[in-house]
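Subject: Structure handover

Hello,

Here is the structure I promised to pass on. Please open it next to this email and follow along.

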Amino acid sequence: MLPISEKTIRASFVNASRRETSDLTLPADFATLDWDALDFLGWRDPKSPRRASVVVPTLEGDLIGVLLRQAEASPRSRAQCSWCQDVRLPNDVVFYSAKRSGPAGRNGNTVGTLVCQDFQCSANVRKTPPLAYEGFDVDAARLRRIEDLQLRAAGFATDL
């Protein structure tokens, strides 16, 4: 992911009001982020524990920012993240919902997804996968997982 400014982040949100974007708290480590290791920027709001935000680059290179709200209830069984689809997750997965943009969102329509609680997806897909069989190309599998994460995250963001 290419580095982005605070102004660009605030302007990218498609399902938030001007007030919500101006009240947005950026990640505490924003100035020191390793942009090369990120496929999207996701963070939880420290002021509101159930609120989170993601900024996802689309396949065309545009940025889509989405305000998310974590569901009150947790999944009954161990869930798999819809974005990184890592089966050996070191973290929890939660259900996030986002109101749709435009008139649909004003009518109360939402979309939801299961995502790593603190948006560790970029780190999860960069881990070396286990050797599946003799001759398995581990590097190609890792690159494929990164590409798949980018596609799934962009698909969610553009569906708003």
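Start with Ser22. Ser22 is partly exposed, because its relative accessible area is 48%. This is a predicted model, so please read everything below as computed from that prediction. Ser22 sits in helix 2. A polar atom of its side chain lies 2.9 Å from the backbone oxygen of Arg19. Now look further away. Ala98 is 76 residues from Ser22 along the chain, and the two C-alpha atoms are 18 Å apart.

Asp23 is partly exposed, at 37%.

Five of them form an open sheet, in the order 1-2-3-4-5, with antiparallel pairing. Strand 1 and strand 5 (110-116) are the edges, and each pairs on one side only. On average, neighbouring strands of this sheet are turned by 30 degrees against each other, direction ignored. In general, strands of a sheet pair through backbone hydrogen bonds, either parallel or antiparallel.

How many bridges does strand 2 make with strand 1? There are four, and the pairing is antiparallel. Gly42 has Val54 of strand 2 as its bridge partner. Leu41 stands opposite Val55 in strand 2. A hairpin of six residues joins strand 1 to strand 2.

On to strand 3. Strand 2 and strand 3 also pair in the antiparallel sense, over seven bridges. Here Val54 stands opposite Val66 in strand 3. The hairpin between strand 2 and strand 3 has five residues. In that turn, Gly61 has a positive phi of about 100 degrees.

Why is strand 2 largely enclosed by the rest of the structure? Six of its seven residues are buried. One more element belongs in this view. Helix 5 (residues 138-158) lies across strand 2, strand 3, strand 4 and strand 5. Helix 5 runs at about 80 degrees to strand 3.

Two arginines in the sheet

Now compare Arg51 and Arg69. Arg51 is in strand 2. Arg69 is in strand 3 (residues 63-70). They are 18 residues apart along the chain, yet their C-alpha atoms are separated by 4.7 Å. Arg51 counts as buried because its relative accessible area is 16%, under the 20% limit. Arg69 is partly exposed, at 45% relative accessibility.

Arg69 is in contact with Ser48, Arg50, Arg51, Phe95, Tyr96 and Ser97.

Salt bridges

The count of salt bridges comes to 11.

Asp39 pairs with Arg126, with the closest N and O atoms 2.6 Å apart. Asp39 lies in the loop between helix 2 (18-22) and strand 1 (41-44), while Arg126 is in helix 4 (residues 121-126). The pair therefore ties together parts that are 87 residues apart in sequence. Asp39 is buried, at 5% relative accessibility. Arg126 is partly exposed, at 24%.

Arg50 meets Glu72 in another salt bridge, at 3.6 Å from N to O. Where do these two residues sit? Arg50 is in the loop between strand 1 and strand 2 (51-57). Glu72 is in the loop between strand 3 and strand 4 (93-99). The two are 22 residues apart, and the pair links distant parts of the chain. Arg50 is partly exposed, with a relative accessible area of 27%. Glu72 is exposed, at 64%.

Last, look for Asp86, Lys127 and Arg145. They are linked in a network of salt bridges.

Best wishes

Terms used:
Residues are numbered from 1 along each chain as its sequence is written. This is a predicted model: local features need pLDDT of at least 70, side-chain atom pairs count only at pLDDT 80 or more; totals for chains, interfaces and linings use all residues. Side-chain values use heavy atoms; hydrogens and water are left out. Buried means under 20% relative accessible area, exposed over 50%, partly exposed in between (1.4 Å probe, protein chains only). Contact means heavy atoms within 4.5 Å. A salt bridge is a side-chain nitrogen of Lys or Arg within 4 Å of a carboxyl oxygen of Asp or Glu. A polar contact is a pair of N or O atoms within 3.5 Å; within protein, one must be able to donate a hydrogen and the other to accept it, and residues adjacent in sequence count only if both atoms are side-chain atoms. Two strands pair if DSSP finds at least two bridges between them. Axes are lines fitted to C-alpha atoms, for helices over the stretch in contact, and angles run from 0 to 180 degrees between N-to-C directions. Lists of a residue's contacts leave out its neighbours within four places in sequence.
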